[in-house]
Amino acid sequence: MNRLAGVTSPYLLQHADNPVDWWPWGPEAFEEAKRRDVPVLLSVGYSACHWCHVMAHESFEDATLAAYLNEHFVPVKVDREERPDVDAVYMEAVQAATGQGGWPMTVFLTADAEPFYFGTYFPPEPRHGMPSFRQVLEGVTAAWTDRRGEVAEVAGRIVTDLAGRSLAHGGDGVPGEPELAQALLALSREYDEKHGGFGGAPKFPPSMAVEFLLRHHARTGAEGALEMAADTCAAMARGGIYDQLGGGFARYSVDREWVVPHFEKMLYDNALLCRVYAHLWRATGSGLARRVALETADFMVRELRTAEGGFASALDADSEDAQGRHVEGAYYVWTPAQLREVLGEEDAAFAAGYFGVSDEGTFEEGSSVLRLVATGPDEDPDRVADVRARLLAARGSRVRPERDDKVVAAWNGLAVAALAEAGAYFDRPDLVERATEAADLLVRVHMGDTARLCRTSRDGRAGDNAGVLEDYGDVAEGFLALASVTGEGAWLDFAGFLLDIVLERFTGEHGQLYDTADDAERLIRRPQDPTDSATPAGWTAAAGALLSYAAHTGSEAHRTAAEGALGVVKALGPKAPRFIGWGLAVAEALLDGPREVAVAGPAGGELHRTALLGRAPGAVVAAGEVPEGADEFPLLVDRPLVDGKPAAYVCRHFVCDAPTTDPAELERRLGG
């Protein structure tokens, strides 16, 4: 048992029994490297990472290699999900030096935490042009021993280069119609018309770009934007990236056709996609979008919800197969023989045709990933439901993938927003309750008594790592969505509390944003990444929450901060729209107002539901019967009932319409 015993990270605990003498990230490890005059080996990964597991089994569990590693290095293991700041800084260095990145990430550092040699996965013996991990260790040791001056020069040059990458400001002004039109054109050029989505393999679910497309269509009526969004969502929902039995999405597809996924399921993907499919249903009434939104919400509640009411981070890609081997995708794939064993000959033949299961298979060893290949108006929905239920029940007897049960603040904020809105749209109050319980955990445990947000918790116990910008932005986003759905103004207050910290601790003098607070641990560079990748960047997440909060409260400071942050979207949106999709979605809200909707009347009533279903980009909704003198929702102040009936007030760009008591008229005003 090494120094990782007792930590909260499930990923680090996976390495607690390694013969490698791992240290957690902290000053003690670097003091030890200085004392022994050896370099630090930094290994970064996460619990659901397939190749992280492979390298662990091949190298970190090898006693001989571990002995060499322990003698010549201070090995430090980091969970990228607990320390996204550490990951971001060194990943930037890896990408700058090698042109690529990924996990596991392997970086060699001086005792001053300065990087000088980089890589990702290294095999146990040389293959495919890659040196073995032992060869890399020996080469680094030789350089450290014999060419220390050269090592110091390389490390110094890298640190200087990273320091020069700081964004002084986001751009010149806010994005306008020209930039958003250029972004749409650029997306259309990268669009895969045959298979949906953008670019080639591997293909990731473009949830934030789809949100931009839906908002752009709502604001401008551009049919091409809606078509790209709808066709992409349909292709993903019919593909192997979507779990056709249990709901929920895998991390990405290894091919451009969405057939074979990388099987880990992440909370953030499913939260973002649940919300996107709900918004697609709101825009089109698509039955497929409704089904996928609800199945994904139910998957999150069933598979990821923790005993404390939060949501776990991920399900692993790997699990044991029938032969006891720990392999990727074992829980999800099927052969024709396995179908026959569960369903019998006739239903197995039907299921094979419906789900695309063949003797050749689409995955490894003749197995197939289930996907929808033969749906249509002639399919028997009752038979499909029966087959699906029987296969799901049979799958339940397989060895389940491991779950990373740490609760990440940012991702839970995304889940709160998705579940609150899905519950409101589809008359599922249980989903709103689950969203409220997760939000309550974030307040009780992650905010606690410290007046700051912590990044993670596990088993109801807060972790030691400070929240980063994405935590503040995404949790505020979740609280704002919950406030709109429930009519409970306390969530608006909590969002404002977090966003005031963003203004005070994360914002530079020119309006630029940083991923860490000004009083956070000092790394070799203060991380600052405005691009959206698997999740909204902290930068764009904060911009969206700041804009919504300003619309709710009339706060000029929050509005100004949002506009300042959106300057980066003006600069990057036309050039790289796939990588700033949430920023573009926020920019659509800015151009539309966003509209402010006050519903004087009971939360949950017809007018309130109509307001929530409005398609105007980023519209904020406040609902409730406010006693005289109360200011729980600023939008509701001095907004009375009309002739004793609930009334909706819609304002935009400092101009308000006359109140209406007619849901149809409200729908028209909100882009219905």
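Helices here are DSSP runs of H or I with at least four residues, numbered from the N terminus. The model is predicted: local features need pLDDT of at least 70 and side-chain atom pairs count only at pLDDT 80 or more, while totals for chains, interfaces and linings use all residues. Residues are numbered from 1 along each chain as its sequence is written, and side-chain values use heavy atoms, with hydrogens and water left out.

Start by selecting E433, which is found in helix α17. E433 has 43% relative accessibility, so it counts as partly exposed (between 20% and 50% relative accessible area, 1.4 Å probe, protein chains only; buried means under 20%).

Next, show α17 (residues 429–447) together with α18 (residues 469–486). Their axes, lines fitted to C-alpha atoms over the stretch in contact, come within 11 Å and cross at roughly 135°, with angles running from 0 to 180 degrees between N-to-C directions. For contacts (heavy atoms within 4.5 Å), select V432, A435 and L442, among others in α17, and F479 and L482, among those they meet in α18.

Finally, go to D87 in helix α5 (residues 84–98). D87 counts as buried because its relative accessibility is 5%. Leaving aside neighbours within four places in sequence, D87 is in contact with V44, R80, W103 and M105. With W103, D87 makes a side-chain to side-chain polar contact at 2.8 Å (a pair of N or O atoms within 3.5 Å; within protein, one must be able to donate a hydrogen and the other to accept it, and residues adjacent in sequence count only if both atoms are side-chain atoms).

Key:
Helix = DSSP H or I, 4+ residues; strand = E, 2+ residues; numbered from the N terminus.
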